[in-house]
Structure formats: structure tokens, C-alpha cells
Amino acid sequence: LENGLTLWLTAALFATSVERPGRWRARCGALAALLAMTHPGGMVFAAWGVVLAFVDLGHGTPAAGDEARREVGLLERLSFAGAFAALFVPFLAFRLAVFGLPLPYTYYAKRVHATPWDRLAAIVDDPAALLAKLADLCRGTGGPAGPLLFALTAVAAIYLAARGRLQRHVAVALGLQIIAVLGYL
């Protein structure tokens, strides 16, 4: 199904964000748009554009055109949004024209809450359920020690970021993981 393509696009988004080749923000926008077109859950990676526009992601060896060597203009910072929109808006228009819905039918068949506002109300009404879901995710990825590993990783990342020693590849991986986990929750 779409899992292989989703994994490949996410890996390409990670690599582009770390290596920062020419016009890397626009490339990241195009990759995020492709992720959003591949799977409805991929829409969460549109948030990566906000991160790239406003957050300095760790330290690394500056590439030839890296902003560590020059000031980055607003248009360049917003190139993610332009590239994302250039690919995703026509796709969304096609989907609406042909199917009459912005998302695939399977999304509507599997959803638990009718609207995002209903989901938000459920979170506010029972935040413990959200924490239980996070704990289940941690145990699913790290076994019984998953929640402890999650907490230790968070503490280590905060410590390294506060000391200015968080490497770019680690910062990018953490940023993408945080967006994915928040989308899951």
C-alpha cells in the first residue's frame, strides 16, 4: 500500500532537512505535500514548514548555501509554504471536483470523532486517555521500558538544546518525531 512510499518520503524529508542542498526549504515543502497526498496522516508534516521557517535546528557543518553563512530572507523562509501549496492545492481541487470530499473515503469510515473540534473536546474532557495513548505508543516502540526511554530521551534532548550542543541530524529527527507523535495523539 502507501506505507513504503510514506517511509521513503519521510526519509527524504529528513535527509533534505539535515543536508540542506540548494533551495532545501522548497524541496522540503514539496516532500511534505507528497506525504500529505500519499496518506491523510501525512498532513501533519505541513507543520514542518513552520518549524523550518522559525526554529534553528541544531548545529551541523554548514553547507555551501547554508544560512549559517548568510542572512535568510522572509521569502526564502516561506518557500516551504509555496512549494507545498503548488503541489497540494491542485491535488485538493481535483479530489474535491471528482470525489466531493477533501480526504479519501476510508478516512471518514475509520474516524472516531465527527469533527476535529469533537476530538479536541474529547481530549479536554479526558486528558488521561491521551496520556494512556502516549504510554501505549511508547510501550509499542520500546517495550515495557518504552515510557522510561521516552522520558530519558526528552530530558537528554532538552539538556543538549539548552547547552547549544544538539546536533542538526538529532534535532531534525526529534522535530519530525514530535510532529508525527502529536498527529497520532
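**Before you start.** Residues count from 1 along each chain as its sequence is written, and side-chain values use heavy atoms, without hydrogens or water. In this predicted model, local features need pLDDT of at least 70 and side-chain atom pairs count only at pLDDT 80 or more, while totals for chains, interfaces and linings use all residues.

**Stop 1: confidence.** Colour the chain by pLDDT (the predictor's confidence in each residue, from 0 to 100). The chain averages 88, and 92% of the residues score at least 70. Select helix H4, residues 74-77: confidence is lowest here, at a mean of 83. Then select helix H5, residues 79-99, where it is highest, at 95. Helices are DSSP runs (H or I, at least four residues), numbered from the N terminus.

**Stop 2: H2 and H5.** Axes are lines fitted to C-alpha atoms over the stretch in contact, with angles from 0 to 180 degrees between N-to-C directions. Now show side chains. The contact (heavy atoms within 4.5 Å) includes Cys28 and Leu34 of H2 and Phe84 and Phe91 of H5.

**Stop 3: H1 and H10.** Select H1, residues 3-19, and H10, residues 168-184. The axes come within 9 Å and cross at roughly 140°. Leu13, Phe14, Ser17 and Val18 in H1 meet Arg168, His169, Val172, Ala173 and Leu176 in H10.

Technical notes: Helix = DSSP H or I, 4+ residues; strand = E, 2+ residues; numbered from the N terminus.
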